[in-house]
Amino acid sequence: MTGLFEIVVVLLFVARVTRLVTADEITRRPREAIVRRLPEGSGFAYLLFCRWCLSVWIAAPAAAGWWHLSDVPRWSGCWWVDVPTVALALSYATGLLVRAEPEE
């Protein structure tokens, strides 16, 4: 049960940080300032507004941190299997949570 709780907390962390960076009003001005300095059509600019895209990059270090800090038994025991698997699952679940949010 502890493992499930940890994963839910990490999922909510990834979802919240993703929303904070891509959509929250509090980060609008810095986000727009960064985009203004980037070339037209920049992939990084797109990343700053795409929750599905950015969640992959936020989930990867979150999954690595979870794998390193948690005492829960791993299913494979190999970080190079578990971390990418958990990161992709966290990213996908974050995308599903985004779809559940009302449009602004």
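Start by selecting Arg 28 and Glu 32, whose side chains meet in a salt bridge, with N and O 3.2 Å apart. Keep in mind as you look around that this is a predicted model. Why would two such side chains pair up? Side chains of opposite charge can do so when their charged atoms come close.

Now colour helix α2, residues 28-37: Arg 28 and Glu 32 both sit in this helix. They are 4 residues apart, which is about one turn of the helix. Arg 28 has 30% relative accessibility, so it counts as partly exposed. Glu 32 is partly exposed too, with a relative accessible area of 31%.

Next, zoom out and select Arg 16, Arg 19, Asp 24, Arg 51 and Glu 101 together. Salt bridges that share partners join these five residues into one network. Let's walk through part of that network.

**Arg 19 and its partners**

Click on Arg 19 and look towards Asp 24. The two form a salt bridge, and their closest N and O atoms are 3.2 Å apart. Is Asp 24 buried or exposed? Its relative accessibility is 10%, and the cut-off for buried is under 20%, so Asp 24 counts as buried.

Stay on Arg 19, but turn to Glu 101. Here the side chains of Arg 19 and Glu 101 meet in another salt bridge, at 3.2 Å from N to O. Where in the chain do these two residues lie? Arg 19 is in helix α1 (residues 2-22), while Glu 101 is in the segment after α5 (79-100). They are 82 residues apart, so this pair links distant parts of the chain.

**On to the cysteines**

Select Cys 50 and Cys 53 and show their sulfur atoms. A disulfide joins them, with an S to S distance of 2.4 Å. The structure holds 1 disulfide, and this is where to find it. Look along the S-S bond: the torsion about it is about 65°, so the disulfide is right-handed.

Bring the surface back for this pair. Cys 50 is buried, with a relative accessible area of 12%, whereas Cys 53 counts as partly exposed at 27% relative accessibility.

For a last stop, select Cys 78. This cysteine is partly exposed, with a relative accessible area of 27%.

Terms used. Residues are numbered from 1 along each chain as its sequence is written. This is a predicted model: local features need pLDDT of at least 70, side-chain atom pairs count only at pLDDT 80 or more; totals for chains, interfaces and linings use all residues. Side-chain values use heavy atoms; hydrogens and water are left out. A disulfide is a pair of cysteine sulfur atoms within 2.5 Å. Buried means under 20% relative accessible area, exposed over 50%, partly exposed in between (1.4 Å probe, protein chains only). A salt bridge is a side-chain nitrogen of Lys or Arg within 4 Å of a carboxyl oxygen of Asp or Glu.
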